[in-house]
Amino acid sequence: MMRTSRTFRSHRTVKRTTRAAAALAAGALALSLTACGGDDDNGSGDNGSQGNGDKETAATVTLPDLDGESLEVAAVWTGAEQENFKKVLAEFEKRTGAKVTFVPAQDPIINFLGSKIAGGAPPDVVMLPQPGAVKQAVEKGWAKPLGNEARAELGRNYSQGWQDIGTVAGKQFGVYYKAANKSLIWYNAQVFENAGAAEPKTWDELLTAAQTIYDSGVTPFSVGGADGWTLTDWFENVYLSQAGPEKYDQLAKHEIKWTDPSVKEALTTLAEIWGKKDYVAGGATGALQTEFPASVTQTFTGGDQPKAGMVYEGDFVQVNIAETDAKVGTDAKVFPFPAVGDTAPVVSGGDAAVILEDSKASQALATWLASSDAAEIHAKLGGYLSPNKNVDTSAYPNDVQKKIAEALVAAGDDFRFDMSDQAPQAFGGTPGKGEWKALQDFLKNPGDVEGAQQQLEADAAAAYGG
């Protein structure tokens with residue numbers, strides 16, 4: 001998300017083809033058909049424990065003795081996401097003897113890091129949520145390249161595409177520890193059943209399902225508009241499916257302007273939901289006051305009368321569903337974001353571990369996070385998806401998450417990374433600015449497509465440097 005001029009994309013990760021959509025959509029289409037609920041509190045597992053918790057295998061990664069060493073790891077994660085990651089760090093402590101402290105970070109994370117570095121107290125390792133952030137950390141001289149052990153672990157466990165996203169100027173800086181499938185819509189199964197609604201495969205079918213749910217007395221959609229990033233994800237799925245991958249790549253690099261007719265078409269399509277009276281819980285005003293976690297929980301609480309029947313977002317929604325009484329796979333089901341154009345969209349995101357303070361301990365932690373051992377601990381806890389191809393998918397706590405993970409790995413190098421995460425921070429990743437603010441304004445006034453385009457282009461031009 002952070003960059004001074006052009007977006008960072010490797011040549012491999014832009015080799016997106018329709019077989020990515022086929023691979024991910026095929027897995028996602030089956031998600032709610034056979035999925036069963038699963039507990040997300042399976043614990044972190046001990047040294048050498050992997051898989052579903054019922055079997056033990058030898059550790060797959062060798063770590064050094066770090067007794068007496070200490071590390072700080074920073075990330076913007078909060079709540080269950082933070083607590084689950086701490087369990088992965090605890091296993092690293094157990095295996096190495098090191099002491100690891102989690103440091104809560106704030107968005108925009110590059111600004112947070114700048115303050116820490118200026119104060120002489122940077123964290124040793126940071127989890128950066130955008131390829132642009134990795135590149136900017138390198139350009140500022142903050143990030144340190146990965147050592148031989150971490151690179152070897154990456155080579156064993158990751159497709160070339162995921163390795164390339166963390167590469168800048170030919171050097172490996174990032175370990176993409178956590179991924180996201182951001183092309184999913186979750187729904188309240190009871191609401192759908194009561195209304196007689198069916199899972200849609202196309203945008204028109206989604207509008208039909210929404211009307212059916214509305215007619216049953218339930219608001220169709222919950223939108224976490226207080227967090228602008230959720231709105232960028234809505235746009236990206238519509239745009240990728242409707243405009244196609246080549247246009248998507250061009251817009252991500254600002255090679256075409258936001259005043260392009262393809263953007264107009266996507267915003268006009270979005271307005272078919274955002275601008276439809278009573279289709280969004282609380283209306284535009286309510287949505288703009290609803291943060292992402294609440295947008296999820298209000299969809300799965302309230303019995304037969306929740307505040308909404310559906311909520312769009314990635315696989316990580318499961319963490320928030322777990323805060324309700326709903327069970328994933330039974331009460332809470334999911335379908336892939338419907339095809340707006342010829343092909344259903346496939347948008348991914350991720351968080352990369354980047355070393356700021358080079359040491360034996362920080363390199364060991366990067367190696368650990370690149371291992372299947374670490375990923376399987378986190379997988380068992382729910383709300384997590386790993387791009388690590390050697391993770392035993394039986395570690396995932398339910399069939400829904402297992403199928404999402406299998407589909408992601410099956411896509412190999414063929415996926416599209418979140419567009420706003422590729423943009424300069426000022427445009428794609430700052431609350432109250434750039435794309436986040438422009439789409440919030442558009443949610444408030446979805447009839448003003450041209451005005452939204454003008455605002456988006458002005459902000460993009462300033463952020464990309466013209």
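What percentage of the residues in the chain do buried residues make up? Of the 466 residues, 60% are buried, where buried means under 20% relative accessible area, exposed means over 50% and partly exposed lies in between (1.4 Å probe, protein chains only). This is a predicted model, in which local features need pLDDT of at least 70 and side-chain atom pairs count only at pLDDT 80 or more, while totals for chains, interfaces and linings use all residues. Residues are numbered from 1 along each chain as its sequence is written, and side-chain values use heavy atoms, with hydrogens and water left out.

**The whole chain**

Display the chain as a cartoon. It contains 22 helices and 14 strands; these are DSSP runs numbered from the N terminus, helices being H or I with at least four residues and strands being E with at least two. Among contacts (heavy atoms within 4.5 Å) with a separation of 6 or more, 79% are between residues 24 or more positions apart.

**The nonpolar cores**

Next, select Phe92, Trp186 and Trp368. Of the 84 residues in the largest nonpolar core, these touch the most other members. A nonpolar core is a set of buried Ala, Val, Leu, Ile, Met, Phe, Trp, Tyr and Cys residues joined through side-chain atoms within 4.5 Å. Helix 16 (residues 360-369) gives the most to this core, namely six residues. A second, separate core has 53 residues, including Ile185, Ala195, Val347 and Met419. In soluble globular proteins, nonpolar side chains tend to be buried together.

Now centre the view on Trp368. Not counting residues up to four places away in sequence, Trp368 touches residues including Val61, Leu63, Phe92 and Ile377.

**Glu153**

Select Glu153, in helix 6 (residues 148-157). Is this residue buried or exposed? Glu153 is buried, because its relative accessible area is 2%. Beyond its neighbours within four places in sequence, Glu153 is in contact with Thr60, Val61, Thr367, Ala370 and Ser371.

Select residues 228-243, which form helix 10. Its 16 residues reach 22 Å from the first C-alpha to the last, close to the expected 22 Å; the expected span is 1.5 Å times one less than the number of residues. Because 13 of the 16 residues are buried, helix 10 is largely enclosed by the rest of the structure. Gly244 follows helix 10 and has a positive phi, near 95°.

Then show the largest pocket, with a volume of about 970 Å³. On a 1 Å grid over the protein atoms alone, a pocket is an open set of points where a 1.4 Å probe fits, with protein on both sides within 12 Å along at least five of seven lines; lining residues have an atom within 4 Å of a point. Grid points are joined across faces, edges and corners, and the volume is the space filled by probe spheres set on the points. Of the 39 lining residues, the closest to the centre are Val76, Trp77, Glu81, Trp229 and Phe292. Helix 10 provides the largest share of the lining, four residues.

**Local backbone features**

A cis peptide bond joins Asp107 and Pro108, with omega about -10°; Pro108 is in the loop between strand 4 (99-104) and helix 4 (109-118). His254, in the loop between helix 11 (245-252) and helix 12 (261-274), has a positive phi near 60° and is buried at 13% relative accessibility. Asp278, between helix 12 and helix 13 (283-288), has a positive phi of about 70° and is partly exposed, with a relative accessible area of 39%.
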